[in-house]
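This report goes with the sequence and coordinates shown below. Keep both open while reading.

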Amino acid sequence: MQDSKNEEAKEQILANLGNFAYDPINYDHFLSLCIIDLFLDCLDEPNSKLVQFAIGGLCNCCIDPRIAQVIEENEGLPLILGCLSSACEETVLSTITTLFYLLPNLQNPEGTFIRRLEILREKRKKK
């Protein structure tokens with residue numbers, strides 16, 4: 001998927017993977033196939049649809065402690081926090097829900113999370 005030049009195909013693949021993330025029966029497959037890494041890699045794509053589908057996929061499966069651990073080990077929290085400033089409402093909602101699910105499972109989320117919220121608050125005050 002990452003080597004494809006066809007944006008529509010990428011979107012379709014990521015949307016399908018995000019839908020599969022609803023079912024815990026797929027979590028072992030997601031872990032063995034590094035699908036969580038794929039979702040994380042797509043969070044900083046310029047294509048907003050890819051970001052939306054990637055954060056949606058993470059939101060659907062991050063409640064599993066093993067997946068939360070992969071996200072933390074791969075430094076996914078800053079990427080997830082970056083989605084809070086998206087112009088896409090669905091992306092922001094999925095991001096907030098993902099953080100809600102993740103925070104109890106993370107080792108030390110406070111520093112990064114609080115700093116990011118303060119930055120967002122300052123940006124909004126300047127507008």
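Which exposed residues does the face of H7 turned away from its buried side carry? They are Glu89 and Phe100. The model behind this reading is predicted.

## Model and confidence

The mean pLDDT of the protein is 87. Of its residues, 80% reach 70 or more. Confidence is highest in helix H4 (residues 48-61), at a mean of 98. Confidence is lowest in helix H8 (residues 110-126), where the mean is 61. Where pLDDT is low, the predicted coordinates should not be read in detail.

## Overall build

The protein has eight helices and zero strands. Read from the N terminus, the order of elements is α-α-α-α-α-α-α-α. Of the 127 residues, 41% are buried.

Take the contacts between residues at least 6 apart in sequence: 63% of them join residues at least 24 apart. The accessible surface is about 7600 Å². Carbon and sulfur atoms account for 53% of that surface.

## Helix H7

Helix H7 covers residues 89-102, which makes 14 residues. At 1.5 Å a residue, H7 should span 20 Å.

The buried residues of H7 are Thr91, Val92, Ser94, Thr95, Thr98, Leu99 and Leu102. These residues cover an arc of only 165° around the axis, and therefore sit on the same side of H7. The face turned away from that buried side holds the exposed Glu89 and Phe100.

Glu72 and Leu102 are 30 residues apart along the chain, and their C-alpha atoms are separated by 9.2 Å. Glu72 belongs to helix H5 (residues 65-73).

## Helix H3

Helix H3 (residues 35-42) is mostly covered, with six of its eight residues buried. Those six are Ile35, Ile36, Leu38, Phe39, Leu40 and Cys42. What do they pack against? Their partners are helix H1 (7-20), H2, H4, H5 and helix H6 (76-82).

## The Asp28 and Arg66 pair

Asp28 lies in helix H2 (residues 27-32). Its relative accessible area is 47%, which means partly exposed. The side chain of Asp28 makes a polar contact with the side chain of Arg66, at 2.5 Å. In sequence, Asp28 and Arg66 are 38 residues apart. In space, their C-alpha atoms lie 9.3 Å apart.

## Positive phi in two loops

Which loop holds Cys34? Cys34 sits in the loop between H2 and H3. Cys34 is not a glycine, yet its phi is positive, at about 60°. With a relative accessible area of 41%, Cys34 is partly exposed.

Glu75 is found in the loop between H5 and H6. Glu75 has a positive phi of about 55°, and it is not a glycine either. Is Glu75 buried or exposed? At 61% relative accessibility, Glu75 counts as exposed, because the cut-off for exposed is over 50%.

Terms used
Residues numbered from 1 in each chain as written. Heavy atoms only, no water. Helix = DSSP H or I, 4+ residues; strand = E, 2+ residues; numbered from the N terminus. Expected span 1.5 Å × (residues − 1). Buried < 20%, exposed > 50% of the residue type's maximum accessible area, 1.4 Å probe, protein only. Arc of directions from axis to C-beta. Polar contact = N/O pair within 3.5 Å; in protein donor to acceptor, adjacent residues only side chain to side chain. pLDDT = per-residue confidence, 0-100. Contact = heavy atoms within 4.5 Å. Areas by Shrake-Rupley, 256 points an atom, 1.4 Å probe, with all protein chains shown as cover.
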